[in-house]
Amino acid sequence: MSKKYSRYLVPSLRDARKRINRETIIHKYELDSKYISLGAGKTYFIKTYGCQGNLADSEKIAGILEELGFIKAECEELSDVVIFNTCAIRENAENRVFGELGRTKKYKKDNPDSIICLCGCMAQEEKVIEKVKRLCPHVDIIFGTHNISQLPELLYEVINTSSKVVDVLSYEGDIVEGVPLKRDHSKKAWVNIMYGCDEFCTYCIVPYTRGRERSRLPEDIIAEVKSLALEGYKEVTLLGQNVNSYGRDLDINYTFSNLLTDLHKIDIPRIRFTTSHPKDFDDATIDAFALGGNIMPYLHLPVQSGSSNVLKKMNRKYTREEYLDKVRKLKEKVPNISITTDIIVGFPNETDEEFKETLTLVEECGFEGAYTFIFSPREGTPAATYPDEISEETKKQRLYELNKLVNEGYLKGNKRFEGTIQEVLVDGVSSKSDNVLTGYTPNNKLVNFNGDKSLIGEIVKVKIEKAFSWHLRGKLVD
Ligand code: 5AD
Ligand code: SF4
């Protein structure tokens with residue numbers, strides 16, 4: 001018999017669109033003592049989909065679960081708690097999750113007490129909640145992006161009342177500091193600098209699933225990076241949907257360029273940040289970025305389209321010329337920079353000429369990589385209602401043409417490092433061979449080279465011998 005819901009707080013994308021001008025409250029995470037041994041002797045497994053924001057959230061979820069006594073399971077099937085931390089950005093990402101959720105039904109046969117949870121951006125959509133209720137009644141807990149810190153309470157309720165819960169907030173959440181973290185990597189760390197997004201690009205569901213833009217206080221971010229440096233971390237990546245608007249909601253006069261300048265002074269070898277919005281990437285930020293040193297010469301700067309007309313329909317708030325101008329300035333001030341981007345093809349009624357403008361922009365910018373997507377209508381966003389006469393076939397053909405050009409950019413971007421000596425932060429051993437190590441250069445290029453496992457986590461010098469499209473091959477320099 002299917003369990004009953006002991007609470008059923010469903011989201012509303014309409015409510016999530018509202019932006020109420022109120023101060024962000026900063027809470028301190030505290031665990032009620034009654035939850036402390038909730039996970040004793042039990043295991044957990046988290047499957048994460050989507051962006052770095054979700055990866056960072058999964059580290060919080062893992063941190064909370066381990067504080068409750070859960071330990072990480074070897075495999076999903078045998079785990080007591082399975083969590084799907086999901087992405088809503090495109091429809092195929094959602095379909096995949098439903099496929100996987102369906103398969104978890106059989107886990108309950110072997111382990112009737114197992115708890116299946118869905119969280120992340122998909123949980124913020126009412127239509128997903130409806131579909132889970134209909135197709136996956138074995139899912140025990142659904143929580144959203146704003147109430148991760150409530151997980152102990154939700155687990156407690158489900159375990160002690162043998163019920164199911166849906167608890168998703170649709171108003172912008174606050175900031176919770178001090179959530180325990182179980183980081184995935186011992187040398188590279190994600191650092192959230194802000195949450196949410198206020199941009200409302202017309203195709204994008206993120207402002208609805210992640211709420212209003214809320215910046216963490218500079219002192220909290222600086223303290224986190226300092227403590228990571230002391231713990232021996234070698235790289236931090238600052239995270240936000242639009243890091244360039246950091247600080248806009250704070251009542252102090254402190255922006256992303258100030259933050260970057262302050263973090264630059266900390267003794268940590270590598271600082272990266274993502275994602276940047278071209279509109280807000282101002283001259284002060286370019287200057288801070290150009291400080292170099294521990295600020296890595298790599299930038300992901302999503303352009304989305306090379307046509308000013310399409311950019312206008314996308315509500316990106318910059319033109320093709322303004323984007324090109326930023327790239328020119330960046331290359332002037334950071335001569336060694338590698339730039340990658342995101343591009344959407346087949347935005348409703350994108351013409352052939354408009355698409356060609358994307359191709360010429362890709363050439364002009366010399367991108368060293370790009371994530372390319374076919375527009376996916378997201379219910380609740382304005383672009384999902386725009387008339388669209390372009391055939392699926394044309395969209396696929398455009399993606400194919402674009403990818404050909406983008407792949408040339410990957411290879412060119414890698415080729416320019418042939419013969420150079422690069423500092424590589426060693427990530428681990430290659431999946432193909434135990435003697436081959438892999439790591440990343442300052443420009444975020446993947447390098448494979450022969451070396452001993454003891455070098456994992458170190459920054460080593462590697463001479464680049466050959467460039468391929470997706471990686472570099474090098475030799476350790478003594
Ligand atoms: N369809 C296709 N791609 C999208 N993106 C965001 N929303 C959509 C959508 N509805 C892409 C954008 C963004 C990246 C993270 O995902 O290019 O930068
Ligand atoms: Fe989505 Fe635009 Fe916000 Fe990026 S800036 S998360 S594309 S709305």
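**Briefing: a loop, its neighbours and a ligand site**

N444 sits in the loop that runs between β19 (436–440) and β20 (446–450). This is a predicted model, so read every value below as computed from it.

**Around ligand 1**

- The shell around ligand 1 is made up of I89, R90, Y203, Q304, D342, I344, F373, I374, F375, S376 and R378.
- Sorted by type, the shell residues come out as six nonpolar, two polar and three charged.
- Two strands, β16 (338–345) and β17 (370–374), each put at least two residues into this shell.
- Taken on its own, ligand 1 has 410 Å² of accessible area, and the protein covers 87% of that.

- As background, most residues other than glycine have a negative phi, and most peptide bonds are trans.
- Q304 goes against that pattern, with a positive phi of about 75° although it isn't a glycine.
- You'll find Q304 in the loop between β15 (298–300) and α11 (308–313), and it is also one of the residues around ligand 1.
- Is Q304 buried or exposed? Q304 counts as buried because its relative accessibility is 7%, and the cut-off for buried is under 20%.
- N444 has a positive phi too, near 70°, and again the residue is something other than glycine.
- With 29% relative accessibility, N444 counts as partly exposed.
- The peptide bond going from T274 to T275 is cis, with omega near 5°.
- T275 belongs to the loop between β14 (270–274) and α10 (283–289).

- N443 is buried, at a relative accessible area of 2%, whereas N444 is partly exposed at 29% relative accessibility.
- What does the side chain of N443 pair with? The side chain of S338 makes a polar contact of 2.9 Å with the side chain of N443.
- S338 falls within the residue range of β16 (338–345), a strand that supplies residues to the shell around ligand 1.
- Leaving out residues up to four places away in sequence, N443 touches P297, Y298, N336, I337, S338, R416 and F417.

**Strand pairing around β22**

- β20 runs parallel to strand β22 (residues 472–476), and three bridges join them.
- Across that pairing, N448 stands opposite R473 in β22.
- Strand β21 (residues 459–467) runs antiparallel to β22, and here the count is five bridges.
- Which residue of β22 is the bridge partner of K466? R473 is that partner, and R473 is also the residue opposite N448.
- The link from β21 to β22 is a hairpin of four residues.
- One general point to keep in mind when looking at these strands: in a regular strand the side chains alternate between the two faces of the sheet.

Technical notes. Residues numbered from 1 in each chain as written. Chains lettered and ligands numbered in written order. Predicted model: local features only at pLDDT ≥ 70, side-chain atom pairs only at ≥ 80, totals over all residues. Heavy atoms only, no water. Near = heavy atom within 4 Å. Areas by Shrake-Rupley, 256 points an atom, 1.4 Å probe, with all protein chains shown as cover. Nonpolar A, V, L, I, M, F, W, Y, C, P; charged D, E, K, R; others polar. Buried < 20%, exposed > 50% of the residue type's maximum accessible area, 1.4 Å probe, protein only. Pairing = 2+ DSSP bridges. Polar contact = N/O pair within 3.5 Å; in protein donor to acceptor, adjacent residues only side chain to side chain. Contact = heavy atoms within 4.5 Å.
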